[in-house]
Every structure is written in C-alpha cells, then in structure tokens.
Amino acid sequence: MYLFYGERGGETDGELPLYIGKSTRLRSRVLSHFAADHQSDRELSLSQQVRHIEWIETAGEIGALLEEARLIKRLQPTHNRQLRRNRELCTWRLATDIVGDWRLELVHAADLDFGRRDDLYGFFRTRREATNRLRALARDHALCPPLLGLEKKPQGARCFGFQLKRCRGACHGGESPQAHALRLIEALHTLKVEHWTWPGPIGLREGEALHVIDGWRWLGTATDEAMLASILESGRPTFDLDIYKILIKAVRRLPILML
C-alpha cells in the first residue's frame, strides 16, 4: 500500500490525504505517478500536490484490498473514488405472515446480523434502489406487484399488472399463492446473500498473516498470538458492503482456520 499526502490549504498543521494505491512493484508504481507523459489533467494535478509519501506492507493481495477499503473510508483521499458508507444499507427479507403466506419486508443492516441469516436477498444502498430492483424482478418474472407490497391491492379486482399481462393473476386467484411464492423465490435466487456457515470467527491465512473475520466482518489481521487474542476480544465492527465483497472471494482462495 502507498499513501500520498499534500498540504492542507489554510491550516497550520496536518496533511491532506490525496491518494491511496497498491502494487506488488511499489517503486515503479509510485514513480509512474510522476512520469512526464501524464494522460490526464487529474494525474498531473496529483503529482504536483504530493508532499509526503507513506507505505504499508501487507501479506498479499487480500490484505491490501482490505486495508485499502478501510483507509479510503477513514481518510477520504481526494483523488480516490470514494467508497460509500453503509448508513442506509438494506436488504429484502423473505418471511411468512400469520397465515403462512410468503411476504417480503425491507430491513436495514443496523437491525440485522448479516451472514447469520439465510433469508436475505440483495444489498441496496437506499430504499429507493431496493424498491426499483424488486419492481424490475416483478416485471421480468410476471410477479404480482400488490402481493410484493409495491402497490396497494385493488379490492376484489385485478391488479394493473394483470391488465398489462405482466401478472399471472395471483392477485385475484388466477394463480395460487404457493405457485406465486415459488416463482418469487426463484426470481430472488440471484440476489441471495451468502450465508455465514461457520459457528464463530475464522482466520484466512495469507503468508505470515491471519485475516480474522466473523459474520462477513473483518475484525483485523494478526501476525502473532498476542495480536490474535486482542482482535478476538475487541468485538465486531459494523457490517461493511465493500469488505463483504472482498471476503466472499477471499474465502474461496485462502486456507481457512477455525478460531
């Protein structure tokens, strides 16, 4: 990892984070930022602002990706694509009502232990994004919008989607609730959130380092027993979607140790 810093205009002390990057060939990658043939005004601007450079050694690519995601959110460097925080992160939960019919409800990440549940579908940054995605599924799979909670159910009448031949009639008995539910589950399949299958925290071995994760949360990276004990005692951070995406791939590539 390498970090570029510049001067904070109008402030007496402190440095302005400019850019965070990663490379297996640190020297050549850093020098490329100061090449004479800059391909854009932004690259030229970056090279002219740098006043200080720091670097962090990681055990490998996964460690670099995790550290990069963490640092970009904490430092918010001006020349990186900003990773969005997860204040409104939500997902669809498939549940049953008191009579046993399937229904969807939108729940927020703050209210759930992501990874521990097996009934969650999709990650969405906002309620609007989640609703739009569900509308698209309803349209593509001829599902009934009122039964999905997207529209009010007309009293004793066919929904507007049925009139447009985009619904198979579950709203008025033309399709059984069971058949509609099965088609809904099938439509949601591609959005299913990966279930955390381990009973507790695990470690992902990368070189001499051990990335400690639990419930798709990155607790930290240990290089000795003392660090590992401290990480396990520090508790779990809030769920982070960017970290989740990195870890989903990491568990398929790195050796897993039960902790």
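Two strands pair if DSSP finds at least two bridges between them; strands themselves are DSSP runs of E with at least two residues, and helices are runs of H or I with at least four, numbered from the N terminus. This is a predicted model, where local features need pLDDT of at least 70, side-chain atom pairs count only at pLDDT 80 or more, and totals for chains, interfaces and linings use all residues. Residues are numbered from 1 along each chain as its sequence is written, and side-chain values use heavy atoms, with hydrogens and water left out.

**Exercise 1.** Work out how strand 8 sits between its partners.

Step 1. Start with strand 7 (residues 202–206): five bridges tie it to strand 8 in the antiparallel sense. Ile-202 has Ile-213 of strand 8 as its bridge partner.

Step 2. Check the link. This hairpin has two residues between the strands, and Gly-207 takes a positive phi near 65°.

Step 3. Now go to strand 9 (residues 217–222), which is antiparallel to strand 8, again with five bridges. Here Val-212 stands opposite Gly-220. Two residues separate the strands of this hairpin too, and Gly-215 in the turn has a positive phi of about 60°.

**Exercise 2.** Decide whether the faces of strand 8 are buried or exposed.

Step 1. Set the cut-offs: buried is under 20% relative accessible area, exposed over 50%, partly exposed in between (1.4 Å probe, protein chains only).

Step 2. Take each side in turn. Ala-209, His-211 and Ile-213 are buried on one, Leu-210, Val-212 and Asp-214 on the other.

Step 3. Conclude: six of the six residues in strand 8 (residues 209–214) are buried, so the strand is largely enclosed by the rest of the structure. For the whole chain, 44% of the 259 residues count as buried.
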